[in-house]
Amino acid sequence: MNRRTFLGLAIVAAAVPAATLAQETAVRTLPGVPVLAPPDEAPAVSVTWYGVTTLLFDDGETQILVDGFVSRPRFEDLDSLAEPDTPRIEAMIESGAFRHVAMITPVHSHFDHAMDVGAVAVATGATVVGSESTANIARGAGVDEARIVVVEERHRQQFGEFTVEVIRSAHAPLVNGGPPIPGTIDAPLTPPARIGDWKEGGSYTIVVEHPAGTALIQGSAGYVEGRLAGIAADVVYLGIGGLGSLGKDHAAAYFDEIVGPTAARCVVPIHWDDFTLPFGNIAWRGSIYDVEWLREFATARSPAAGLATLPFGEAVEAFRGCGRS
Ligand SMILES: [Zn+2]
C-alpha cells in the first residue's frame, strides 16, 4: 500500500481518533448549524441526503442522483476489498427511494462517491455521466455503452424537466497539492476491488437546473480559478471534507470560487460525516474550523446566504434556501 496516499485519505477519514469518535457518536450534525426540516407539503423538487455527497433530486417524475453511494464498505486501508452492497441497492429501489433515477453522476471516482454508480445504473436504467474513470466503473458493472456519457470539460444534458451540467473542477488538494488516490481507472473495474482501485479520475462540479430552481453541488473542497463565473444558483451543496486541514486561506478561496459567483441564498455543507460508518449511521468527523470558517465566510463574503445542513434520508426542499419562509 502506498502509505502517503493512505494518509491523505485518512486526513478526511480520521480528523478525530477512532477511540474518541466511539465516545462521541452522538455528534450527528454540524455543531451549531441548523438542520433543514422536511416541508409540510411535497415540494416541487426535493433533495434527500444519504451521507457523504450522495444527493437525490426528485420532482416526482424524474430523479437525478449524485454519487448514489449507499454501500459503505468496511474500511481499514486502501487494500481492503469492497463491492457494491446489492441488497442495500435493491432495498433503495424497493422502498421507492430510487424509483425513477434517470441520471447518476459522481463528483469524482473515489470509492466513497462512485463505487455504486454502475450497480445503481444497472438496477435503475439510469444514464451514467462522468469521467472516463467513472465510465470504467459503469462498464465494469455491465452498464450499456449507450447509457454512458464521458465528460472531459463540460457537458449539459436534459432529463425530464431537469437540465444537468457537469463541469470539470478539482479535488481537494490533500496530498502534495493533489487528491489522495490520484490517477485514473483505465479499464473496466469489476468489484470486488481494492478501495485504492477507485482512483480519483477527475473531479466535477454539478449544476442541477429545474424550472423550480437551481442547485450547485461541489463534492470536494477544490476549485479551478474562474471556472464557475456566471453560474447562478439558489443553493450550493458544498463539500467540506478535509477543509480544516487545508488552512483558512484555501478555505476562503474555495468559498469565493464556488459559492461567490452563485449568489446563493443557502450554503449546505456536505461530506462532513464519517464515510467509514455503516449506511444511515451519521457522525460528524471534521474539524471545528470547517464550521467556524464557513459561518464567518457566509456572513462576511456572501451576506445573502444562510447556512444549514440536511437530515439523513428525509426529503427537503431542494432550492428553497435555508429558512422556511
Ligand atoms: Zn475524494
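The model is predicted; local features need pLDDT of at least 70, side-chain atom pairs count only at pLDDT 80 or more, and totals for chains, interfaces and linings use all residues. Residues are numbered from 1 along each chain as its sequence is written.

Strands (E, at least two residues) and helices (H or I, at least four) are DSSP runs, numbered from the N terminus.

Next, display helix 5, which packs on the sheet and touches strand 3, strand 5 and strand 6 (127-130). Contact here requires C-beta atoms, placed from the backbone, within 7 Å. The direction of helix 5 makes about 170 degrees with that of strand 5; angles run from 0 to 180 degrees between N-to-C directions, with axes fitted to C-alpha atoms, for helices over the stretch in contact.

Then select helix 6 (residues 132-141), which packs on the sheet against strand 6 and strand 7, its direction at about 150 degrees to that of strand 6.

Finally, show helix 3 (residues 86-94) with helix 5 (residues 117-124): they pack at an angle of about 45 degrees, with their axes 10 Å apart. Helix 3 is therefore oblique to helix 5, as angles under 35 degrees count as roughly parallel, over 145 as roughly antiparallel, 65 to 115 as roughly perpendicular and the rest as oblique. Residues to highlight in this contact are T86, I89, E90 and I93 of helix 3, and A119, V120, A123 and T124 of helix 5.

Conventions:
Two residues are in contact if their C-beta atoms, placed from the backbone, lie within 7 Å.
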